[in-house]
Amino acid sequence: MTSLPAIVVVHNQYREAGGEDTVFEQETALLRARGHTVVEVVTSNEQVGSMSLGRLTGDLLWNRAAARRVREAISSSGAAVVHFHNTFPLVSPAAYYAARRAGAAVVQTLHNYRLICPGTLLMRNGKPCDLCVGSPVAWRGALHGCYRNSRVQSAGAAAMVGAHRLLGTWSREVDAYIALTPFARERFLEGGLPRERVHVRPNFLRNDPGPGEHEGDYVLFVGRLTEQKGIHTLLEAWRRLDGGIPLRIIGDGDLDGRGFGEVSGVEWVGRVDRPAVLEAMKSARALVLPSLSYENFPMTVVEAFATGLPVIASRIGSLPQIVEHEATGLTFEA
């Protein structure tokens, strides 16, 4: 029997695990289950807090240590493909060059919009924004402090993308990009990625949780409690309902219920583990996703559909391509 090719997977983990980390873990597990040898090259943003600004900026632009780790992983495994998930900020595009020089193909999943937006969300002041799309250097994003509300950090992100655009990294050193939806693909093409190299493949679940009974008398929200997720929209809707339909909010973040006052019918659950989320989905009547920004392909929607839970989502970005109005849920104007 012909052995399957070895694959190196590269990921810069976030301080707080999210959808990208979940996709990384599930894809890696699935590749192994199908017989591939998989070598992980993983770094974590936990290191960032102890780094000087100079070192962090240097690693953001060109991290020799990360490139060396990728090169060694290819050498030890004979991998034919290196699949990158997140490279920001501690892997850097230097690892692409290392992979290509070692004879491996480079694949990059586009989990967010960082290559065309320093803030990664294509959003500013609570609304979609495309000022930096197609710009050689995203100076407007730096000026507005779109990344973490910091002009310094935004300038660093913009400089990294702009420098590697000038070097031809994005057009020459990546063999294939994976966009998660047709909507996202079109945004990246507008931003200058080569059309023939950007492919669409949606997120997925490796293990089917099975359908639920959906007999719970509540609607569910699951996600980070941040402005772009539309928490204000959600709570305003529930104020109008005046307790008519119970709402459970699972998650934590900057907006955790403080400052909103009492909203009848709303239960703030906080952050729970994934099995508890799936159980809540199996019982709920609907999942609500009132995002204000261009969501890419939320794992919460994949999980909801897997349990048979309809999704009520704002009609923005990729969401109307994922949620079919009056078939798998409902969509509304953001």
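Trainee: Why is Val-137 called partly exposed?

Mentor: Val-137 has 41% relative accessibility. Buried means under 20% relative accessible area and exposed means over 50%, with partly exposed in between (1.4 Å probe, protein chains only), so at 41% Val-137 counts as partly exposed. By the way, this is a predicted model, where local features need pLDDT of at least 70 and side-chain atom pairs count only at pLDDT 80 or more, while totals for chains, interfaces and linings use all residues. Residues are numbered from 1 along each chain as its sequence is written, and side-chain values use heavy atoms, with hydrogens and water left out.

Trainee: Where does Val-137 lie?

Mentor: Look in the loop between strand S6 (127–128) and helix H5 (139–143). Helices (H or I, at least four residues) and strands (E, at least two) are DSSP runs, numbered from the N terminus. Together with Trp-139 and Leu-143, Val-137 makes a nonpolar surface patch of about 290 Å².

Trainee: What makes Asp-59 and Arg-55 a salt bridge?

Mentor: Their closest N and O atoms are 3.7 Å apart. The rule asks for a side-chain nitrogen of Lys or Arg within 4 Å of a carboxyl oxygen of Asp or Glu, so 3.7 Å passes. The two sit four residues apart in helix H2 (residues 53–61), which means about one helical turn separates them. Asp-59 is buried, because its relative accessibility is 14%. The structure holds 14 salt bridges.

Trainee: What does the salt bridge between Glu-173 and Arg-100 tie together?

Mentor: These side chains meet at 3.7 Å, N to O. Glu-173 is in the loop between helix H7 (169–172) and strand S7 (176–179) and Arg-100 is in helix H4 (residues 94–101), so the pair ties together parts that are 73 residues apart in sequence.

Trainee: How do you know whether Glu-173 is buried or exposed?

Mentor: Its relative accessible area is 6%, so Glu-173 is buried.

Trainee: Which parts of the chain do Glu-303 and Arg-274 link?

Mentor: Their side chains form a salt bridge at 2.8 Å, N to O. Glu-303 belongs to helix H11 (residues 299–306) and Arg-274 to helix H10 (residues 274–283), 29 residues apart. Glu-303 is buried at 7%, whereas Arg-274 is partly exposed at 35%. As for networks, salt bridges that share partners join Arg-100, Arg-101, Glu-173 and Asp-175 into one.

Trainee: How many cavities of 30 Å³ or more does the structure hold?

Mentor: Three. A cavity is a set of points on a 1 Å grid over the protein atoms alone where a 1.4 Å probe fits but cannot get out, and a lining residue has an atom within 4 Å of a point. The largest cavity has about 180 Å³ of space, and 15 residues line it, with Thr-87, Gln-108, Asn-112, Arg-114 and Leu-115 nearest its centre.

Trainee: What about the second largest cavity, how much space lies there?

Mentor: About 90 Å³. Among the 15 residues lining the second largest cavity, Cys-117, Cys-129, Cys-132, Gly-141 and Cys-146 are the closest to its centre. Strand S5 (123–124) and H5 are the elements that give two or more residues to that lining.

Technical notes. Patches are made of residues with over 30% relative accessible area and no salt bridge: like charges are joined within 9 Å, nonpolar side chains (Val, Leu, Ile, Met, Phe, Trp, Tyr) within 5 Å. Accessible areas come from the Shrake-Rupley method with a 1.4 Å probe; for residues, only the protein chains shown count as cover. On a 1 Å grid over the protein atoms alone, a cavity is a set of points where a 1.4 Å probe fits but cannot get out, and a pocket is an open set with protein on both sides within 12 Å along at least five of seven lines; lining residues have an atom within 4 Å of a point. Grid points are joined across faces, edges and corners, and a volume is the space filled by probe spheres set on the points.
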